[in-house]
Amino acid sequence: MTKAEIVNEISLKTGTDRKEVLQIVEGFMESVKASLINGENVYLRGFGSFILKHRAEKVARNINKNTSVVIPAHDVPHFKPSKDFSLD
């Protein structure tokens, strides 16, 4: 499902204009992104959490050049669904 499809579905279910729904959805995504950039996790009760996972420094290989490359430690965003989040 794309962002446009989500916006259309919410617009149909709520009767709200698509432009307003698009602004709300984009605002939500920007808020989540800004929180993660600031090192803050985002918790949505009953849905899940957007958290940062720390990856340690590691040595990887460039198989084309047959060389080793050091990948520095970094944080990556991760979504963890809640226990109530069911795909049944």
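Ring pairs link Phe 47, Phe 50 and Phe 79 into a cluster. The model is predicted, so local features need pLDDT of at least 70 and side-chain atom pairs count only at pLDDT 80 or more, while totals for chains, interfaces and linings use all residues. Residues are numbered from 1 along each chain as its sequence is written, and side-chain values use heavy atoms, with hydrogens and water left out.

**Exercise 1.** State how many aromatic pairs there are and classify the pair of Phe 47 and Phe 79.

Solution. Rings of Phe, Tyr and Trp (its six-membered ring) pair if their centres lie within 6.5 Å; planes under 30 degrees apart are stacked, over 60 edge-to-face, the rest tilted. The count comes to 2 aromatic pairs. For Phe 47 and Phe 79 the centres are 5.4 Å apart and the planes at 50 degrees, so this pair is tilted.

**Exercise 2.** Classify the pair of Phe 50 and Phe 79 and find where its residues lie.

Solution. The ring centres of Phe 50 and Phe 79 are 5.1 Å apart with planes at 50 degrees, so the pair is tilted. Phe 50 is in strand S2 and Phe 79 in strand S5, 29 residues apart; strands (E, at least two residues) are DSSP runs numbered from the N terminus.

Technical notes
Helix = DSSP H or I, 4+ residues; strand = E, 2+ residues; numbered from the N terminus.
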